[in-house]
Amino acid sequence: MSTHYIAVREEWLAARQEEILDPAQPIIDPHHHLWDRPGWRYLLDDMLADLRTGHDVRATVLVQARAFHRADGPEAFRPVGETQFAAGVAAMCESGIYGAPRICAGIVGFADLTRGAAAGEVLDAHIAAGNGRFRGIRHIATWDPDPEMLNPAYTPAEDMMDSEGFRAGIAELGRRRLSFDAWIYFHQIPRLAALARACPDVPMVLDHCGGILGIGRYAGRRDAVFAQWSAHMADLARCPNVMVKCGGLGMRLPGFGLEEAEVAPSSAMLAEAWRPWMERCIELFGSKRCMFESNFPVDKGGYGYAVGWNAFKRVAAGATAEEKADLFWRSAARFYRLDDVIAA
C-alpha cells in the first residue's frame, strides 16, 4: 500500500462517537472516490453509510482514482470507464431510492494532458459518458526527490506542468469549459502558479490544502514547511482562476500522527491540528475560493466521516453565515456548476 494511505480500522473509528455540530448546515462534498481494489472496497453502499452519520450532505463530486478503467480499447480512452461508472452511480442516486444525497453529481476524471491537443478527443468522450455531469480532469503531478513521498501509481516528471504538451492539454480543458484539479506537493505550488498565469481562462482548484508534507525528510520541520508553504500560497492566491480544497490532511503524508493513538481522534483534536493551515488558506483566498472536502475513503484511515465534518465546522466556528455557506457548499457549487442540486 502506498505511503499515502492508512488502513481503515472500522472498530477503531466506531470507538469515537460525537454529537453532530450544526446538523442543518448544507454540505457539498467536493472530493471523494469510489473504488474496488484488492483488499479495499469503497462503493455506493459504503459512501451512503458515511453520509448517513448525521451531516446534511446534499451532493458530492467524484474525483478520479484509477477506478473502473476500461479493460480494452485504446489506452488513452480507458479512463473514460471511470466516468461511465460514476455517471451510473449518479443516475442510481437521482432515482431517490437511496435517499436525498446526489452522489457523483459532478465527475472529475483523468485524461493524459501531456498528449496536448490529442487529449481533446478523450475529453469529448468523458463529456459524452458523463451525461451532463462531467466537470474536469485531475492529472496528478505530485513529485519529490524523496521516494517515500511518491505514489508508485503516478510517476510524473518534475517539470510536467511546465511542459509545452501539458499546457496544450490544459488549453483543451479551457475550450470545453472544464476545470483542472491539481494534486501537487507544497514545494510545487510555484509551478501551479505559473500554469495558472499561463492559462488564466481555465478554472483550477488546488487539492488537499496544497500538499503539506511532514514525514521522511520533512519530519520535524513543521515550522519551516509552514513558512515556505504559506509564502507559495500567498503568491498563488494572486491567480484569480485558482481555488483551494481544505482537507486531505488525514493522510500519512502531512505527518500529524493522530492515527497512531489507541482511539480515533476527536473533532477537537483534528481541528487543532488542521486550523493553522486551513485558516491561512481562507485568509489568503477568501471563503469564496475555498471549500471543505472529505477525501474519503483515503482520509478514512485517520478519522470518521462525521468527526471530520465536525472538525471542519470547528475550524469555521468564527465565520459568518455567508462565509460558512461558501466553505461548506457554495464555493463547490460554483466551481463544479452544481447550483441545481442544492437549495440556495
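A salt bridge, for this talk, is a side-chain nitrogen of Lys or Arg within 4 Å of a carboxyl oxygen of Asp or Glu. The model is predicted, so local features need pLDDT of at least 70 and side-chain atom pairs count only at pLDDT 80 or more, while totals for chains, interfaces and linings use all residues. Residues are numbered from 1 along each chain as its sequence is written, and side-chain values use heavy atoms, with hydrogens and water left out.

I'll start with the charged pairs. The salt-bridge rule gives a count of 25. One of them joins R191 to E158, with 3.6 Å from N to O. R191 sits in helix α6 (residues 189-198) and E158 in the loop between β6 (134-138) and α5 (164-175), so this pair ties together parts 33 residues apart in sequence. Helices here are DSSP runs of H or I with at least four residues, strands are runs of E with at least two, and numbering goes from the N terminus. On accessibility, buried means under 20% relative accessible area, exposed means over 50%, and partly exposed is in between, with a 1.4 Å probe and protein chains only. R191, at 23%, is partly exposed, and so is E158, at 39%.

Next, a pair within one helix. E283 and R280 form a salt bridge whose closest N and O atoms are 3.2 Å apart. Both belong to helix α9 (residues 267-285), three residues apart, which puts about one helical turn between them. E283 is exposed at 59%.

Then D326 and R334, whose side chains meet at 4.0 Å, N to O. D326 is buried at 2%, whereas R334 is partly exposed at 39%. Both residues belong to a salt-bridge network that also includes K288, E322 and R330.

Now the pocket. A pocket is an open set of points on a 1 Å grid over the protein atoms alone, where a 1.4 Å probe fits, with protein on both sides within 12 Å along at least five of seven lines; lining residues have an atom within 4 Å of a point. The largest pocket holds about 600 Å³ of space, taken as the space filled by probe spheres set on the points. It has 30 lining residues, and V8, E10, L13, D50 and K300 are the closest to its centre. Elements that each supply at least two lining residues are α1 (10-14), β3 (40-42), α2 (44-51) and α10 (305-315).

What is the lining of the largest pocket by class? It has 15 nonpolar, six polar and nine charged residues, with Asp, Glu, Lys and Arg counted as charged, Ala, Val, Leu, Ile, Met, Phe, Trp, Tyr, Cys and Pro as nonpolar, and the others, Gly among them, as polar.
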